[in-house]
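Here is a friendly walk through the model shown below. Have the viewer open as you read, and follow along from one spot to the next.

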Amino acid sequence: MDESSIREITSERTLLSQPDGSSNYSQGDSTVMVGIYGPADIKQSKEQMDRATVEVIFKPKIGLAGVREKAMETMISNTCQAIVITTMHPRSSITIVVQVIQDAGSLLSCCINAVCMALMDAGISMKCLVAAVSCAITDEGAVIVDPTLKVTEDASAVLHFAFDSTEKHLVLSSTHGSCTTDQYMSCLKSCQDACDKLFEFYRTSAERRFSKT
Amino acid sequence: MAEIRRIRIKPPSEKAAEVNRLVTPGDTITSDSDYMRGHGTYFEDTKLLASVAGVVETVNKLIHVNPLKTRYNGEVVMSSSVESWSADVVICESTRRELRRRSAKDELNMRKYLQEGDLVSAEVQSVYGDGSLSLHTRNLKYGKLGQGMLVKVSPMVVKRSKTHMQTSLRCQHHPRQQRIHLDQSHREPAGRHPQRWFHPEFGECDAFDTCILYTYESSMRYTITELLVPEKMENVVEWTLQRLEQEGAV
């Protein structure tokens, strides 16, 4: 079985009144809600003189945040720092709060896509948009894009990639498990093809939003 | 070894002269180096790219992108609560500043005029380096606001205009500060202005003084209880919009 497309995407923007930007994003059954505050004041100990500090708070569905959540935070934060023009807001903070509502596979990709939509909603300057796609390599060697939780559990490797919207360059690459170089490259290609759908979705979402006003 | 294709996503039209063109971050606005860069854009090589999702607007040689949501920085300021003698300035992210402190006696007397929770209309005198503000009420049009009802309105809905204060018999409001203060000596009129009027659902009537007056007058056709029905509210908004259109104000 070789699925090469992402599950159905739905999203909602500006649903929260307090944050500057917010979004509710789901890919199939995986749903994530994001709130963004920024650019805002920051503690002097954390401030950076020439750029904004991007802080990510990742909240799992159940329980307290642990080390695994911290790893997610770092990955999301690094992706955002590559995309957001942080030099526009020195000595400020951009706080991104990610709340997992349901995890049905491809959670990291879901989070990054949700964050991208919320950043657009907040009007924070970005160099480009970012689309993240996950894929899994099964024991038989098949590549499945946007895997469900069950596929992820049985897979020999799970890979997450994020691409930018201008040149489709790689922004984030994360691997769990082991795979050959060839397998890695073929996953990269499949994901790159699959993110077209996401960029189209972002554009349609923005168009809908602006056509209302 | 599988090949990685380098795909360039086709940008929307490269002409800059189009009106009402929607762009998302990373979209090329123009390759023409003649234009000046405004808000929401950035230069890369010789191209001008968008940095926010919004509508491209050109003013002569200046190109900027207008996002749907912007944060508001106002000048005439409404403070929402006064604690001792420092005011909470809502617009500028709750910086606490001193009202007036010339002598110890002044400080004690301050309580006679202003209590915690009072609504004050003041003007920003100066802005300090760390972002804090100094307010003054040295004009007759500023000062403590008496009775009325505070209506919170999203700043996006407020229309930009030069002067943002109007005192009428029944209605005194300061739309720019996202608050509308009404004279509650007539309780009825106050009830006629729930903040729902300015919810985008009910129409694109921006909040400015004439608009509020017209809405109030249109609402006089119904009794208070009738006004709670959504259809009646929509009617009132429609009448107001019609009236504004006739006058060419919208």
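B:S51 sits in the loop between β5 and β6 of chain B. Its relative accessibility is 1%, so B:S51 counts as buried; here buried means under 20% relative accessible area, exposed over 50%, and partly exposed in between, with a 1.4 Å probe and protein chains only.

A word on the ground rules: this is a predicted model, in which local features need pLDDT of at least 70 and side-chain atom pairs count only at pLDDT 80 or more, while totals for chains, interfaces and linings use all residues. Residues are numbered from 1 along each chain as its sequence is written, chains are lettered from A and ligands numbered from 1 in the order in which they are written, and side-chain values use heavy atoms, with hydrogens and water left out.

**The strands of chain B**

Helices (H or I, at least four residues) and strands (E, at least two) are DSSP runs, numbered from the N terminus. Two strands pair if DSSP finds at least two bridges between them.

| Strands of chain B | Bridges | Direction | Opposite residues |
|---|---|---|---|
| β3 (residues 36-37) and β7 (residues 62-67) | 2 | parallel | B:M36 and B:L62 |
| β6 (residues 54-59) and β7 | 6 | antiparallel | B:V59 and B:L62 |
| β2 and β5 (residues 47-50) | 2 | antiparallel | B:T28 and B:L49 |

β6(B) and β7(B) form a hairpin with 2 residues between them, and B:N60 in the turn has a positive phi of about 55°.

An open sheet of 3 strands runs in the order β2-β5-β4 in chain B, with antiparallel pairing. Because β2 (28-30) and β4 (41-44) each have a single partner strand, they stand at the edges, and one side of each is left without a neighbour in the sheet.

The UniProt record, an unreviewed entry, places the feature "domain: Exosome complex component N-terminal" at residues 22-59 of chain B; such annotations may be inferred rather than shown by experiment. That span is 0% helix and 55% strand, and its end C-alpha atoms lie 16 Å apart.

Chain A has 4 helices and 9 strands, in the sequence pattern β-β-β-β-α-β-α-β-β-α-β-β-α. Of its 213 residues, 55% are buried.

A nonpolar core is a set of buried Ala, Val, Leu, Ile, Met, Phe, Trp, Tyr and Cys residues joined through side-chain atoms within 4.5 Å. The largest has 62 residues, and A:V34, A:I36, A:I76, A:I96, A:V98 and A:Y202 have the most contacts inside it. Helix α2 (residues 107-122) of chain A gives the most to this core, with 13 residues. A second, separate core of 9 residues includes B:V23, B:L48, B:V52 and B:V56.

Why is α2(A) described as largely enclosed by the rest of the structure? Because 16 of its 16 residues are buried. After α2(A) comes A:G123, with a positive phi near 75°. Finally, A:V34 touches residues including A:L16, A:I96, A:V98, A:A114 and A:A118, not counting residues up to four places away in sequence.

Methods
Contact means heavy atoms within 4.5 Å.
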